[in-house]
Amino acid sequence: MFSKSARLWLGLIAAASLLSLASSCSNKEPEPGPGGPEGKAYTSKGDEGTISGKISFTGAAPEAKKIDTSADAACTSKSPNLMTEDWAVKDGKLANTFIYIKEGTLADNSKIGDYTFTAPSAAATLDQTGCHYKPHVVGVVVNQNISITNSDPTTHNIHFMPANNPDWNQSQVNGAAALTHKMAHAEVLVPVKCNQHPWMKSYVGVMKSPFFAVSAEDGSFTIKGVPPGKYTVVAWHEGGAKGTEKTMEVTVPAKGAATADFAFGASAALSGQPSSLPMLPALEVPMPMKH
Amino acid sequence: MSKGVHRFALLVAGATFFLIIAGANVTSRDAGLAVPDWPLAFGQFFPKMVGNVFWEHGHRLVATSVGILTIALAVYLQIRERRGWVKRLGWIALGGVIAQGLLGGLTVKLNLPLVVSAAHATLAQLFFLTTVSLAVFTSRKWIEPPIEVRQEAPGVPLRTLCVFALTVILVQLVLGATLRHSATWDQTLPAGLLLGHIAGAIIVTLVLGATIATVLTRYRAENYLTRPALIAAGLLLVQLVLGITAYIARAASPSDPQPLNPMIWVTVAHVACGALVFAATIVLTLRAFRILKVERGAYALAAA
């Protein structure tokens, strides 16, 4: 039916298409993330201090949007007025901001990235309640357990979508035992979603060190046990497609307290200034196992 | 010729088109992993169809139905069809739908890797093309074409243009599938792939446009060719408008709390219309090959 030349062209084009897709795959190793290579275990010297502050929001806060939960009656019944929580602003203060030490130099001139820290034995918790995640933002140390529970009268599916750690996707029926998950590589921040209820979102910061905090409803946060030294402190908040970051240099005195107040504004909320979160490169096609 | 076979082939093609729409809904609603196991759903055949489980498992049920219809068609062709190559195409279609099912399972088992998801979307279109071709081959107008076979008119052979059009449409479909699966509704589309898909749209418009223009100028009196050409032209225009609308809606979706309309229906419509453009072009191509012949020496003359 087709001439020989037509068949040859069709075959060549199909082969070229497949080859171009396959060749753009690469065996990309996960990036190590902030924290640097493995190092010596950190030992407390008893002269640690704190970094505390408040996260504020200047200007008119973006209005929360109503979520349509009609696809699942159990969600509508438990949360009839579910709203988005990406910009939780109250009295000019911003909740759910992830604050962490990105890098820095201790008083003895060693780098914070030279140290390793033992993961806490207590698990961080992530609950699915009212068809939204609680807490909305949480931080863990690498290899620290995250205990995931389902408090809703419906099935959820918890899908961690990291860039530096293996993908993880599990379903959890109402009343099922808690699931446990941990990540071995530092990553700021890992989005978590539910494929059954696509409005559900959470973010998990996986840090090499325990020097992080999440701002409360009143915008306050405290990072404890920080060795004296000079640090780059980052405040990350979701918003737009990529999230927004603010950076500050902070000096922590021995047994003292440093203050780091951050302000996010209406312009940052609307434009979604690029953060240090890794983005899919424009022309790369990720290999299988990564999405 | 069996009217029953032809009608059944049309039914299978129609059901496959419906399956493409069902599959596109899964992607646009971000329901791809709503059912995390395969081939069962939460260990059952029929889970509770709530939330995105409705879309994901619903599409699996439609796919199963299409699979059963394809088995029936292959057997029907084996029994009633005299032409061996048509019977073989029926079994090839069955192989295609089985491969498509396995690819779908692989997307779930591997948590939606981009290459497998894009391959699943592309094979869906190729399988649809196969069912459309079977409908063409079993039609009265193929077995007894209403016009006599004749030599191609001078110039670039229409058959060559048709094959070229099919090829660029296929490449554009691959680009579109890769683009769609490279970012979920709450992420921005990668700029490189987006520009590639837009460039592909321009190339498809030029090549398919030239093909349609060739039909309308050289064979304007032949409904056998002008009809699928005009249908392809109309669908191409609709597809271009849908493409622009889909881009606008998709660019805004990261600001939405969840996948919403019009983004959902416009992106689904864009996928479905792309399948119809592909189908109209294969009908034109098959008919061109059916009634047009090229002299043996014509290519040699053109090369010289």
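**Helical architecture and nonpolar cores of the predicted model**

Read along the sequence, chain B follows the pattern α-α-α-α-α-β-α-α-α-α-β-α, with 10 helices and two strands in total; helices (H or I, at least four residues) and strands (E, at least two) are DSSP runs numbered from the N terminus. The model is predicted: local features require pLDDT of at least 70 and side-chain atom pairs count only at pLDDT 80 or more, whereas totals for chains, interfaces and linings use all residues. Residues are numbered from 1 along each chain as its sequence is written, and chains are lettered from A and ligands numbered from 1 in the order in which they are written.

The C-alpha atoms of chain B fill a box of roughly 60 × 45 × 30 Å along the principal axes. Buried residues make up 49% of the 304 residues in chain B, a residue being buried if 20 or more other C-beta atoms lie within 10 Å of its own, exposed if 12 or fewer, and partly exposed in between, with C-beta atoms placed from the backbone. Of the contacts in chain B with a separation of 6 or more, 75% involve residues 24 or more positions apart; two residues are in contact if their C-beta atoms, placed from the backbone, lie within 7 Å.

Chain B is assigned domain 1 (1–144) and domain 2 (149–304), the bounds coming from an automatic or database domain assignment. The C-alpha centres of these two domains of chain B lie 21 Å apart. Their contact takes 22 residues from domain 1 of chain B and 23 residues from domain 2 of chain B. On the side of domain 1 that touches domain 2, α1, α4 and α5 (140–143) of chain B give two or more residues each, and the largest share, 11 residues, comes from α4(B).

The largest nonpolar core has 82 residues, and those with the most contacts inside it are B:Val132, B:Ala232, B:Val277 and B:Ala279. Such a core is a set of buried Ala, Val, Leu, Ile, Met, Phe, Trp, Tyr and Cys residues joined through C-beta atoms within 7 Å. The largest share of this core, 17 residues, comes from α9(B), and at least three residues are drawn from each of domain 1 and domain 2 of chain B.

Within α8(B), the buried residues include B:Leu225, B:Ala232, B:Leu236, B:Gln239 and B:Arg250. The cover over the buried residues of α8(B) includes α7 and α9 of chain B. Leaving aside neighbours within four places in sequence, B:Ala232 is in contact with B:Leu208, B:Ile212, B:Val277, B:Ala280, B:Thr281 and B:Leu284. The helix α8(B) has 30 residues and reaches 43 Å from its first C-alpha to its last, close to the expected 44 Å, where the expected span is 1.5 Å times one less than the number of residues.

Chain A comprises three helices and 21 strands. Of the 291 residues of chain A, 38% count as buried. Among contacts in chain A between residues at least 6 apart in sequence, 69% join residues at least 24 apart.
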